[in-house]
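My entries follow in the order I made them.

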Amino acid sequence: MVSVEVLMLLADHEGVWSYRRVTGAPAPGEGPDAAARRISGVRADDPACVVHSTSWRHLPEDDEIVLTYAVCPDPDPEAARIVLDDPVIARGQAPARPSPALIEESHVVAHAIQHLAFLRATDPVVQGALEQWPAIAMALTARSADQTLPSTRVTLISSTTRSGLGRGGR
């Protein structure tokens, strides 16, 4: 079974994020993007609202694949919301095991916000939509700046490296 989880996001002028979460299933013949728009009430031609798939996860207890979409800003800013106090992203334990042992709702929301921060910095269409909302743009900029990544090692691969990507030996 496949379900669509929609996280409708909003940031205030202090950079505090809040959200609503709604889930549903795609209707017969409906793609997940269209389902996310239907669930959130966003028109496909809305120039000021971003609808973007940010992650997926498997729920083994129901054998369900959950496709997560961020909708920003929330089309109903007056609706009851949950404040995201500590936006922490869950991480996998090993490079070949990317799924964290425990995924909480707040982790999924934090990941969606980080994904939007990345898109705002790299995708002109998303940037144009989100720049219309100064509080959101500011909060996404702060989120990008707050991300400290562990030391990243860059390996230069020369034309003499054996086995193409440097994994092979002699």
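What is the order of the 5 strands in the open sheet? I read the order as 3-4-1-2-5, with mixed pairing. The edges are held by strand 3 (50-59) and strand 5 (82-83), each with a single partner strand, so one side of each has no neighbour in the sheet.

I noted the conventions next. This is a predicted model, in which local features need pLDDT of at least 70, side-chain atom pairs count only at pLDDT 80 or more, and totals for chains, interfaces and linings use all residues. Residues are numbered from 1 along each chain as its sequence is written, and side-chain values use heavy atoms, with hydrogens and water left out. Helices (H or I, at least four residues) and strands (E, at least two) are DSSP runs, numbered from the N terminus. Two strands pair if DSSP finds at least two bridges between them.

Entry on pairing. I found strand 1 (residues 2-11) joined to strand 2 (residues 17-24) by 8 bridges, and the two run antiparallel. Val4 stands opposite Gly24 of strand 2.

Entry on the helices. Helix 1 (residues 32-40) packs on the sheet and touches strand 1, strand 2, strand 3 and strand 4 (64-72); contact means heavy atoms within 4.5 Å. The direction of helix 1 makes about 50° with that of strand 1. Axes are lines fitted to C-alpha atoms, for helices over the stretch in contact, and angles run from 0 to 180 degrees between N-to-C directions. Helix 2 (residues 105-122) also packs on the sheet, touching strand 1, strand 2, strand 3, strand 4 and strand 5. I get about 140° between the direction of helix 2 and that of strand 3.

Entry on strand 4. Strand 1 and strand 4 run parallel and are joined by 7 bridges; Val2 has Ile65 as its bridge partner in strand 4. Strand 3 pairs with strand 4 in the antiparallel sense over 9 bridges, and there Ser53 is partnered by Tyr69. Is strand 4 largely enclosed or left open? I count 7 of its 9 residues as buried, so strand 4 is largely enclosed by the rest of the structure. Buried means under 20% relative accessible area, exposed over 50%, partly exposed in between (1.4 Å probe, protein chains only).

Entry on the loops. Strand 3 and strand 4 form a hairpin with 4 residues between them. In that turn, Asp63 has a positive phi of about 45°, and Asp63 is exposed at a relative accessible area of 52%. I also logged a cis peptide bond between Cys72 and Pro73, with omega about 0°. Pro73 lies in the loop between strand 4 and strand 5.
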